[in-house]
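Visitor: I have a model open and want to learn to read its packing. Where do I begin?

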Amino acid sequence: MSTRLRLFVLWVGAVGLGLLIAIAIWRLPGFGHYPGPYGDMLNSLAPYERQVTNVVTAINFDYRALDTLGEEFILFAAVSGLVLLLRGKRGESAGEPPNPPDERALVPRSDALRWASLGFIAVINLFGSYMVLHGHLTPGGGFQGGAILGIASILVYVAFDYRSYRKTTPKEWIEVVEAIGAGSYALVGLGAIFAGGAFLQNVLPLGERGHLFSGGTIPLINFAVGLEVAAGFALLFLEFLEETRTPKPEDIES
């Protein structure tokens, strides 16, 4: 295909996509005027049917829990695929050391950066844990809280160095945690079948709305998603970080 033809296809696709986006934006309903019946119905029924105060979490992890299971495994598969590709590239030649791009000179970390990073580690971990554990009560949930917890791990590298980050983020354990988080979601669904219900049916006691232990299986699935997302992000950061540096013998041994 010639360069002119490729540019023509590119511009046709870009113009078509731009028109579709413009039409979609033009036809959006006014702010606060939701036209469909399902949102209003769930807002009125979900707090009583599932004893939760965050209807979005009830939708994600109960009413359409099967769809969310697929979304979680898309993330799991994406992280696994990236890890396989990057590690395969680094280990293509078994008899020669890896040859990533030359390591850039590192700017010395200031004391202010170290102390600020240490303080943010505690705050971000606390906030992320709160969002995961209270996803059925307040805005947030496993995806959002897990992303925050995963981001917090990189601050160890910012505050200290690569080896400290490797010690606090052991690759083998992170992989195990990610697999446990992804598998636990499916196990909750299988547990519902063994309890006599349908796959991912909410079969546990719902508790009292507004309490931490309420919502039946929703908090369990929410926690499993939080584990998988947090471990997945931490694993991605670790793999990308290893791509930007020249390995040292002591690093490989560790």
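**Cores, pairs and a patch**

Guide: Begin with the inside. This is a predicted model. Its largest nonpolar core has 13 residues. Phe61, Tyr185, Leu200, Ile218, Ile221 and Val225 have the most contacts inside this core.

Visitor: Which elements give two or more residues to this core?

Guide: They are α3 (55-63), α4, α8 and α9 (218-243). Helix α9 gives the most, with four residues.

Visitor: What is Leu200 in contact with, leaving aside neighbours within four places in sequence?

Guide: Its partners include Ala65, Leu69, Tyr185, Val188 and Ile221. There is also a second, separate core of eight residues. Leu155, Tyr165, Leu238 and Leu241 are among them.

Visitor: How many aromatic pairs does a search of the whole structure find?

Guide: Four. Take Phe61 and Phe143, which are stacked, 6.4 Å centre to centre with 20° between the planes. Phe61 lies in helix α3 and Phe143 in helix α6, so the pair ties together parts 82 residues apart in sequence.

Visitor: Is Phe61 buried or exposed?

Guide: Buried means under 20% relative accessible area. Phe61 is at 3%, so it counts as buried. Phe143, at 26%, counts as partly exposed.

Visitor: What kind of aromatic pair do Phe233 and Phe237 form?

Guide: Edge-to-face, with 6.3 Å centre to centre and 65° between the planes. Both lie in helix α9, four residues apart, about one turn of the helix.

Visitor: Now the surface. Which residues make the nonpolar patch?

Guide: Leu66, Leu187, Leu190, Ile193, Phe194 and Phe199 make a patch of about 640 Å². Helix α8 supplies the largest share, four residues. Leu66 lies in helix α4 and is exposed, at 55% relative accessible area.

Notes:
Residues are numbered from 1 along each chain as its sequence is written. This is a predicted model: local features need pLDDT of at least 70, side-chain atom pairs count only at pLDDT 80 or more; totals for chains, interfaces and linings use all residues. Side-chain values use heavy atoms; hydrogens and water are left out. Patches are made of residues with over 30% relative accessible area and no salt bridge: like charges are joined within 9 Å, nonpolar side chains (Val, Leu, Ile, Met, Phe, Trp, Tyr) within 5 Å. Accessible areas come from the Shrake-Rupley method with a 1.4 Å probe; for residues, only the protein chains shown count as cover. A salt bridge is a side-chain nitrogen of Lys or Arg within 4 Å of a carboxyl oxygen of Asp or Glu. Buried means under 20% relative accessible area, exposed over 50%, partly exposed in between (1.4 Å probe, protein chains only). A nonpolar core is a set of buried Ala, Val, Leu, Ile, Met, Phe, Trp, Tyr and Cys residues joined through side-chain atoms within 4.5 Å. Contact means heavy atoms within 4.5 Å. Rings of Phe, Tyr and Trp (its six-membered ring) pair if their centres lie within 6.5 Å; planes under 30 degrees apart count as stacked, over 60 as edge-to-face and the rest as tilted.
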